[in-house]
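Welcome! Please take a moment to look over the sequence and the model below, and then we can walk through them together.

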Amino acid sequence: MQDLVDLFLRTNDLGRLIGKAADVLKNPLLVCDTSYHFLGWSDVSGVSDKSWLAGVKRGGWSYELVSLINGLDLDYTGKEHKTQILNSINKESSSRRMIGTLCMDGAHLGYYFILEENTPFNEVEEQTYRQVAAVLAKSVSGARAQRLPGGGRSSEGIMLDLLQNGFDSRKLFLERAGEDNIARTGNYRVFCIPVRKEGRDVSGNRGFHSLIGHCLPLSWQVRFQDNIVVLADFGSRLYRRPDALEAFRSFLVQHRLCAGFSDIFSDPYELKRYYEQAHAAACLGTVFEDERSLIPYEDYKIYSLFLNVPDEDPFSQYSTDVVRRIHEYDLKNATDYLETLCHYLGSQCSVQKAADRLYVHRNTVAYRVGKIRELFDLSFEDDRQNYLNYTSCLLRRFCDRVGTKEKNDLLHNQKLL
């Protein structure tokens, strides 16, 4: 153990430290970040476990194993050293695994995995596991501060490094990607699929990864935090058919999932920016109880903008006077004029379209619009004023749906990127 500590004091080479830690634990060792992206592993020569070798080759665990890990009772605060042992994960794995979290100063940095290949777990003292975990946590913290990309040339590793700002320049990205299609310009969209529902990870169904690949040809995917991120090249002829996304839509419905998706973009180096769009669409779609399985960022751009308004009461600060007065009137008289106004303006002042959106008779909308004109001296002849009033209606809708806690949660998720 002292050799490991001495090495830690002399170097910040995470790979060498993992190798030395494996010698101390007398078993193969692997370290990954919180997105299950492998940061380093010990020598695999002589390792017979096929699942372990496949993970090393891919640079990350399968969705099935990630789902299994998410269901374990692990400590993410670092207050206690808590590990779990998996006896068997699939037919290709005959050895047990010990899984523990790497934490430092209350921050969850990643996981370590030990394969019971050479020495039974109980032949190593508990204190040794604690000490090794502490050294690895400090090493991972240092590597993360330096933002060193470590995903190799695999598409998953490249995507994770893009999502985590792992490249200092486009040139380095192109050098890492080599001749991989992921480096080429095209017409891309990013899909963000949240896979944790009601505290349960639903990506554990066998074949989850391959099913997505089948539904979205010419695409790359990776597990990032609690989402599956898919980069799909829409320049392919496969996506030009009207029903091109129908298989993907059916897949989402079958698994009771939704996916937010970004605008079209051409440079895969901009993956992080467009992932943020897809992620915002998925999150805001949930907040607004959007029942669609595919949720475009286009529909939530204005709400995404509202998220960044610092005022605690943005409606009072930024809405038009007439919309504030209508809102106050609704609260006092239990009327529904503001929602009617919102749909009427959003329908380019079409009574029939507004009625269809409100699921009421067109005469009801016509009556309410007439009352709005009468009570608030509101004319719909000025396009600029219509736009300002419509934006104010959307701001009121946002404030009604997104409270302080929800807003802070959404902003916190964005800052984690």
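## Overall build

The chain contains 18 helices and 12 strands. Keep in mind as you explore that this is a predicted model. Along the principal axes, the C-alpha atoms fill a box of roughly 85 × 50 × 40 Å.

Of the 417 residues in the chain, 50% are buried. Looking at contacts between residues at least 6 apart in sequence, you will find that 63% join residues at least 24 apart.

## Surface and charges

The chain has an accessible surface of about 21200 Å², and carbon and sulfur atoms account for 46% of that. There are 52 positive and 56 negative charges, and their mean positions lie 2 Å apart.

## Aromatic rings

Tyr-111 and Phe-113 are both buried. The pair formed by Tyr-329 and Tyr-337 is stacked, because the ring centres are 5.9 Å apart and the planes meet at 25°, where stacked calls for under 30 degrees. Within this pair, Tyr-329 is partly exposed at 27% relative accessible area, while Tyr-337 is buried at 8%.

Tyr-111 and Phe-113 also belong to one aromatic cluster, together with Tyr-36, Phe-38, Trp-41, Trp-52, Trp-61 and Tyr-76.

## Charges over rings

Which residue lies over the face of Phe-234? Arg-189 does, at 5.6 Å from the ring centre. Arg-396 lies over the face of Phe-315, at 4.7 Å from the ring centre.

Note on methods. Residues are numbered from 1 along each chain as its sequence is written. This is a predicted model: local features need pLDDT of at least 70, side-chain atom pairs count only at pLDDT 80 or more; totals for chains, interfaces and linings use all residues. Side-chain values use heavy atoms; hydrogens and water are left out. Buried means under 20% relative accessible area, exposed over 50%, partly exposed in between (1.4 Å probe, protein chains only). Rings of Phe, Tyr and Trp (its six-membered ring) pair if their centres lie within 6.5 Å; planes under 30 degrees apart count as stacked, over 60 as edge-to-face and the rest as tilted. A charge sits over a ring if NZ of Lys or CZ of Arg is within 6 Å of the ring centre and within 35 degrees of the ring normal. Helices (H or I, at least four residues) and strands (E, at least two) are DSSP runs, numbered from the N terminus. Contact means heavy atoms within 4.5 Å. Accessible areas come from the Shrake-Rupley method with a 1.4 Å probe; for residues, only the protein chains shown count as cover. Lys and Arg count as positive and Asp and Glu as negative; His and the chain ends are not counted. The place of a charge is taken as NZ of Lys, CZ of Arg, CG of Asp or CD of Glu.
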